[in-house]
Each structure stands twice: as C-alpha cells, then as structure tokens.
Amino acid sequence: MGLAKRIIPCLDVDDGRVVKGVQFVDIRDAGDPVEVAKRYNDAGADEITFLDITASHEGRDTTLHTVEQIASQVFIPLTVGGGVRTLEDIRNLLNAGADKVGINSAAVHNPEFVREAAERFGSQCIVVAIDAKKVSAESEPNRWEIFTHGGRKPTGLDAVEWAKRMTDYGAGEILLTSMDRDGTKNGFDIALTRAISDAVPVPVIASGGVGNLQHLVDGVIQGGADAVLAASIFHFAEYTVADAKRYMQNAGIEMRL
Amino acid sequence: MTEVVAVIDYGMGNLHSASKALEKVASGQTILITSDPDQVRAADRVVFPGVGAIRDCIAVLRDTGLDQAIHDVVAAGKPLLGICVGMQALLARSEENNGIDCLGVFSGQVSFLGEMLGETGNKLKVPHMGWNQVQQGMAHPMWAGIADNARFYFVHSYCATDVPESEVAGYCDYGRRFAAAVTRDNVFAVQFHPEKSADAGLTLLENFLRWQP
C-alpha cells in the first residue's frame, strides 16, 4: 500500500491538432486532443502531458483554448509544455486549466526563470524538461549533456548537475528525455534515469525510447523513475494503458488499477 | 431557489479545475467563483481550494477579509470543503515559510514531509506527487460510494500532523501515516485534489454537494 507509479501518455499538439498520428481503432477524431485525452482518461492514464509544438504565435490562443477544453472534461492532472518562456505564459496556461507547466529551453537560456516561476506559482506546478544525450566514450565513466533544438545543439551542461540545479531552483518534478533513445523503441536510457533519479529529491518522469511494456518496468525498477511517459506505443494502440498497468503490477510495481 | 456553491478565489492559481469538476457533478446548483467575503458568507456551500505557499495564502486571506468570512461560514454550520493548501490553512499553524499562524479551525499542525521521512531512513521523493490510497478513518457521508483505500491524486510537500484522532476522516501513508482528510461538524478538508482524482474525486465532490451536516 502506498504511492503508485504513474503512466503518462504524451500528446504532441500542433495548432490544436494531435500530430504523429494517434491510431485508436474506434475513435471519431484522432486529431482532436480533447477526444484523445478523454480516451486516455477512460483507459486509466494517471496524467496527461500535452506537448505544444505550435510554431506560430497566433497558435498560442488555440493552445489555451484546447487546454481549457481538456480541463473541463478530463479530471486527471494535465501538464502542458512547449514554448513556455515567460511568467505570463505560465499564468495563462494555469488559468486555462493546466495543473503543471513544463519548462525546457527557456530554463537553459535563463535558469533564474525557473526560480521566479517556482516562487510565483509554487514548485508543485513547475516541471523542468531535460533533453540529455550521452557524451562519454564507452571506456569512460558515463556522462550526459543537456542538448537543445531537438537534440542538435549541445550546451556543455552536465545533465546530472543541471537536474540538481533545477531542483535547487524550485522545480517540483523532472521530465527526463534521452535524446539517444527517443524514437528508437529500444527502451529508456536506464543508467541516465538512475543517475538523475538518485541525484534529485523530486519525482522523475522517464521518457524516450519505449517500445514495449518491459521497458516501462525497467524504467521504474532499474532506472528508479517515479513515472513513465510514452507516446507511440499507446497512440498506435500496440498496447493499452490498462495492458501496461497490469504488466507493471505483475512485475511487482504498485499501480492504480 | 437555486443553491449557490462559492469557490473562494484568493488569487492563488488554478480554480478552473475545482469549479469545472463541481460543474460536472452539480445538479442544479450554481457554482460561483468569488473573492467577495459577503458572497462567501451568503453562499449555501463553500469550497476553499488552494495551491502555492501558505504564507502568501494566509496573507491574502487576512488582507481581503476572507479569513473572517471562512470563520463565519464555519460558525453558520454551512458545509465547507477545504482542498490541499485550503486544508492546511484551516489548521492551527504551519512550519512552511519559517512558521505561519493559520486559521485554527482545526487544532493540528502542518509539517514538512521530508523531515518526517528522514526518521524512517527511506529515500522518498518530495513533493509527494501522484495517486496514493486513502484509508477511511470513519464512516462519513463524504465517503459514500467511495471504496476504502481508494486512490486520490496528491501533490504536496507539507502535511497535517497532531490532528486529534476523532477528527481524522482519512489517512495516507507516505513514509509515515498522516491525516489526508479531517472533519468536524460542517467542515471537511482533504490534502489530495478531488478535482484531479478521476471518478473517486468526482464522487467526493458530488457527496459534498449533497452533504447535509
């Protein structure tokens, strides 16, 4: 009896539409984020993360409207990330109904932003998203660096040190993505997940590389993750959230069933 | 006449979730988000949500006179539901922000979760974030239709301690057992977020809208 590990489906949303194709068999509109969020809620998802990849400035209003729609109909926690740069961005998202806001590159450009955000809105709603890539050679001790621009641009920041600094500044949770594994379906970078999870006092969400249900178990048991985020295995209906929960529970992990 | 359910707005963030969830389960009641102490007093039921730091929360309540409105609602015997920091604000004192006197509707204290965990030697993450089980400490109309040990969504770094056992409506375990729900007469307060706790949370809110203490 105790705190359950969480399963978090992630939706990539561009100008109010879910992209990277969600393929539910019997869904009316797989591009509608509200519809998709409702389906995941019904399937037992513990939270939903919504990654806004809208490029245009005008698209921001669409995003707020979408968040409002989801929050009126889906009563589980909703995290929104992507393009969050100012305190006003955060306030708008929270007012629209987001429970947590993910900060990524804005934290790299201006770490103080995370401190200000946590002071203003509380650590509980500030998630710092970290995109890390292994930079050490095979013969060397593991070392990961923070990358921006979808993994193309190195920053010179050590991932473990960066995660510690972000939690010192008030991040209430870390969303950790391995850029080496993202999209590969080869599983999480377990050593990275373990290194970050052991280094910070706050919950860590593992992301990047899930290809099967054993990967989720490994992220929690070997990696020490408090939550696992996945997109494609759920979107393409390879597995349901309920399948994943049963599998993880059978592996001895406490889940909300 | 239509019942009015006031959701207290004291500028501390996300009221959308609480009011939307109440609207979802309301049957005929009007859900009114308000920062006006008189509207809070005039309401038939009051929801007192909260996120953020307790110092800011208590300061705003005192500046706006909402603290007195809450005391008046308690004294008038109207149903009052505290949520998260709203529950903490109803206790006597919090050690957050170097010690803050709270509203004192309940006699317990609010303590940092991390220090309590230190005694057990377990390395548990703070904030306590996610779905945990609530063991019902008593039979109560607010628990109607909710299984014992049902899971609710928690996000907090501080928790209630030293609440008299007769007032603990529910317990949660996170390194140590703490009061996840407290109640006395017409007041019920929860550390978790019913508005984010899927079916179990919506049932609790529906129970609140029907509760006749």
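Analyst: Happy to; below we go through the model topic by topic. This is a predicted model: local features need pLDDT of at least 70, side-chain atom pairs count only at pLDDT 80 or more, and totals for chains, interfaces and linings use all residues. Residues are numbered from 1 along each chain as its sequence is written, chains are lettered from A and ligands numbered from 1 in the order in which they are written, and side-chain values use heavy atoms, with hydrogens and water left out.

User: Which residues of chain B lose the most area to chain A?

Analyst: Those are Lys125(B), Met129(B) and Trp131(B), which together make up 26% of what the chain B side buries.

User: What does Arg151(B) touch?

Analyst: Arg151(B) is in strand β9 (residues 150-156) of chain B. Its contacts, leaving out residues up to four places away in sequence, include Gly2(A), Leu3(A), Glu254(A) and Met255(A) from chain A, and Trp131(B) and Ala200(B) from chain B. Strands (E, at least two residues) and helices (H or I, at least four) are DSSP runs, numbered from the N terminus.

User: Which side chain is joined to that of Arg151(B) by a polar contact of 2.7 Å?

Analyst: That of Glu254(A). The Arg151(B) side chain also reaches the backbone oxygen of Trp131(B), at 3.1 Å. A polar contact is a pair of N or O atoms within 3.5 Å; within protein, one must be able to donate a hydrogen and the other to accept it, and residues adjacent in sequence count only if both atoms are side-chain atoms.

User: Is Arg151(B) buried or exposed?

Analyst: Arg151(B) is buried, at 13% relative accessibility. Buried means under 20% relative accessible area, exposed over 50%, and partly exposed in between (1.4 Å probe, protein chains only).

User: OK, and where is Lys196(B)?

Analyst: Lys196(B) sits in the loop between β13 (187-190) and α7 (198-210) of chain B. This lysine is buried too, with a relative accessible area of 3%. Its side chain reaches the backbone oxygen of Ile76(A) at 3.2 Å. Beyond its neighbours within four places in sequence, Lys196(B) has contacts including Val74(A), Phe75(A) and Asp99(A), along with Trp131(B) and Tyr153(B).

User: Changing topic: how many residues are in the largest nonpolar core?

Analyst: There are 76, and Ile90(A), Ile174(A) and Leu216(A) have the most contacts inside it. A second, separate core of 75 residues includes Val105(B), Leu113(B), Val134(B) and Ala160(B). A nonpolar core is a set of buried Ala, Val, Leu, Ile, Met, Phe, Trp, Tyr and Cys residues joined through side-chain atoms within 4.5 Å.

User: What does Ile174(A) touch?

Analyst: Not counting residues up to four places away in sequence, its partners include Val128(A), Ile130(A), Met166(A), Ile196(A) and Val204(A).

User: Which residues of helix α4 of chain B are buried?

Analyst: In α4 (residues 66-76), they are Leu66(B), Asp67(B), Ala69(B), Ile70(B), Val73(B) and Val74(B). They cover an arc of only 165° around the axis, so they lie on the same side of α4(B). The arc is that of the directions from the helix axis to the C-beta atoms. On the other side of α4(B), Ala75(B) and Ala76(B) are exposed. Just after α4(B), Gly77(B) takes a positive phi of about 80°.

User: Last one: how many disulfides are there over all chains?

Analyst: The count is 0, where a disulfide is a pair of cysteine sulfur atoms within 2.5 Å.

Notes. Contact = heavy atoms within 4.5 Å. Buried area = accessible area lost by both parts, 1.4 Å probe.
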